[in-house]
Amino acid sequence: MSIFYKIAPHLESLGGELLTSLGQTFQMLLVSGIFAFFLGIFFGVLLIVTKRGGIMQNTILYSLIDKAIDVIRSIPFIILMVLLIPVSRALVGTGSGVKGAYVALIVGTVPFFARQIESVLADVDRGLIEASQAMGFSPVEIIFSVYLKESIPGITRVTMITFVSLVGITAMAGAIGAGGLGDFAIRYGYQMGYTDMSWVTVIIILIIISIIQFVGNAAVSYTHLRAHET
């Protein structure tokens, strides 16, 4: 370990806090990622099935969801997080720290993921959907047995992309006291001028992103292989 302390001299005294910040980042990724995954799929499916010509056409509902997604995506995340502090306090009891960041992370991620899911589902062969309707499948059956089943490789791919993006916004959340690696880098790398801690934080974030991409690419390859086999 001595070589690491020579490269990053402040690591020895701040190593414990760095590990705590790393754990906070994983906590934010896990909790907000799970909620964003299911909500993103839910709204992505709604966009596909309620659009004009969809299996549950409802242009009013489609327009409301579509415009809401566009509005939320147009707001910079830092501003969105500040705006959602009262909502966080109402839902989780606090507007700061790791717990207080959940609402903003979920709200900031769901529109992006939902739009990605919409794009993936739009590529499903229309002939399969029409054939399912002709066989008497209900809309719910078509959603699960056609749209989602046929889109597993695409959903896996956009999930990986979304989690990579989520790592970035968890770091941004740290800029206003949400904890995690972003907060660590701001406090020690910027405010206290420990440049070595800034670089250590960047390297850790790059490693996390690389792991997500590796796992995601392996999952995409596996789902493609399974799709060809079936």
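Q: What is a salt bridge?
A: A salt bridge is a side-chain nitrogen of Lys or Arg within 4 Å of a carboxyl oxygen of Asp or Glu. Side chains of opposite charge can pair when their charged atoms come close. In this predicted model, the rule gives a count of 7 salt bridges.

Q: Which residues are linked in a network of salt bridges?
A: The network links Asp66, Lys67, Asp70, Arg115 and Glu118. Among these residues, Arg115 and Glu118 pair with an N to O distance of 2.9 Å. Both belong to helix H6 (residues 97-122), where they stand 3 residues apart, about one turn of the helix.

Q: Are Arg115 and Glu118 buried or exposed?
A: Buried means under 20% relative accessible area. Arg115 has 17% and is therefore buried; Glu118, with 13%, is likewise buried.

Q: Which parts does the salt bridge between Arg187 and Glu17 tie together?
A: The side chains of Arg187 and Glu17 meet at 2.8 Å, N to O. Because Arg187 lies in helix H10 (residues 180-191) and Glu17 in helix H2 (residues 11-50), the pair ties together parts that are 170 residues apart in sequence. As to accessibility, Arg187 is partly exposed at 25%, and Glu17 is partly exposed at 30%.

Q: How many residues apart are Glu130 and Arg126?
A: Glu130 and Arg126 are 4 residues apart in helix H7 (residues 126-134), about one turn of the helix. Their salt bridge has its closest N and O atoms 3.8 Å apart, to be read against the cut-off of 4 Å. Glu130 counts as partly exposed at 46% relative accessibility, and Arg126 is partly exposed with a relative accessible area of 36%.

Note on methods: Residues are numbered from 1 along each chain as its sequence is written. This is a predicted model: local features need pLDDT of at least 70, side-chain atom pairs count only at pLDDT 80 or more; totals for chains, interfaces and linings use all residues. Side-chain values use heavy atoms; hydrogens and water are left out. Helices (H or I, at least four residues) and strands (E, at least two) are DSSP runs, numbered from the N terminus. Buried means under 20% relative accessible area, exposed over 50%, partly exposed in between (1.4 Å probe, protein chains only).
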